[in-house]
Amino acid sequence: MLYVVATPIGNREDLTRRAQRILDEVACIFCEDTRHSGKLLAELGIDTPRLSLHEHNERARIDTVLQRLQNGESCALISDAGTPLINDPGFVLVRALRDAGMRVVPVPGASAVIAALSAAGLPADRFSYEGFLPAKSKARRDRLAALANDSRTLVFYEAPHRLEEMLADAANAFGAERLACVAREITKLHEEFRNGTLAELCEWAARDPNATRGEIVVVVGGASSESTAQRLYADEVLRALLEELPASKAAKVASKLTGERRQALYQRALELSGGAAE
Ligand code: SAM
């Protein structure tokens, strides 16, 4: 069978005993990066043979894995950190093995999404894991706009150099007062959980150079029914004004009528009119 094994996202002690035993016992470990995982395995005294399996060779590797399993061997799949398949390679392989009727067994452990949710202090009973937002700003704003009325807690992975932009876009899309948490360097030396409104987090990210360092998860509280109603009302007002006025004027008048931030309304006006900045 193939074991899909979670490895630590920082603190080495987060590898489970079961994971350690299985990595020691299997015939071979498929690694996202054999050299990177080599360090972890060496620390654990595990010398199981390693083979690469990353986004560029995953399809080509399927036959190798299948043959080994059909020969009665058990293998493991690990990624550089955390749980394979969660924004890491493995989906194509696991689907192919399931289609071939092979056993695929999870060996659960660390994952940044769950670790962030467990300590962020935002509702974790219903959440949507959104992975990385698109890097291009138009696509990112469109994705955020589509999530604006979602009442579930939203979890994003984000690259440190894009955090400021992401928080600003999220404040525009969801409202500056929406509660959120930026979780940095979880389980590592400089772990930090920073809670606040999106406006406060934008301000912090612009001011504190440490805010944009390390690995980052952004957890955003879901839309309340009042904020959804307010946003729908603002959209209605904007749509009516856009029939008569350019986006900047429409945003200015809509801001007076609804009390929403002018900049956010201008951004929304551009989206509604499918236009570019004036
Ligand atoms: N498979 C991993 C998991 O289970 O979380 C995710 C891999 S994804 C390629 C890497 C991203 O996960 C990072 O850019 C960051 O957003 C998030 N991440 C991973 N480790 C983290 C940590 N220790 N603290 C905060 N975020 C982390």
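In this predicted model, five strands form an open sheet, paired in parallel, and their order is E3-E2-E4-E1-E5. From one strand to the next, the twist averages 25°.

Let me turn to one of the pairings. Strand E1, which covers residues 2-5, pairs with E5 in the parallel sense over 4 bridges. Within these strands, tyrosine 3 stands opposite valine 105 in E5.

Next, the helices. Helix H2, residues 34-43, packs on the sheet, where it touches strand E2 (28-31), E3 and strand E4 (75-78). The direction of H2 makes about 150° with that of E3. Helix H3, residues 58-70, lies across E1, E2, E3 and E4, and H3 runs at about 160° to E2.

Threonine 7 is found in the loop between E1 and helix H1, the latter spanning 17-25. Is this threonine 7 buried or exposed? Its relative accessibility is 1%, and because buried means under 20%, threonine 7 counts as buried. Leaving aside residues up to four places away in sequence, threonine 7 touches Leu15, Leu40, Ile78, Ser79, Asp80, Ala81, Gly82 and Ala110. Of these contacts, Ile78 belongs to the stretch 75-78 of strand E4, one of the strands that H2 touches.

Thank you for your attention.

Definitions and conventions:
Residues numbered from 1 in each chain as written. Predicted model: local features only at pLDDT ≥ 70, side-chain atom pairs only at ≥ 80, totals over all residues. Heavy atoms only, no water. Pairing = 2+ DSSP bridges. Helix = DSSP H or I, 4+ residues; strand = E, 2+ residues; numbered from the N terminus. Axes fitted to C-alpha atoms, helices over the stretch in contact; angles between N-to-C directions. Contact = heavy atoms within 4.5 Å. Buried < 20%, exposed > 50% of the residue type's maximum accessible area, 1.4 Å probe, protein only.
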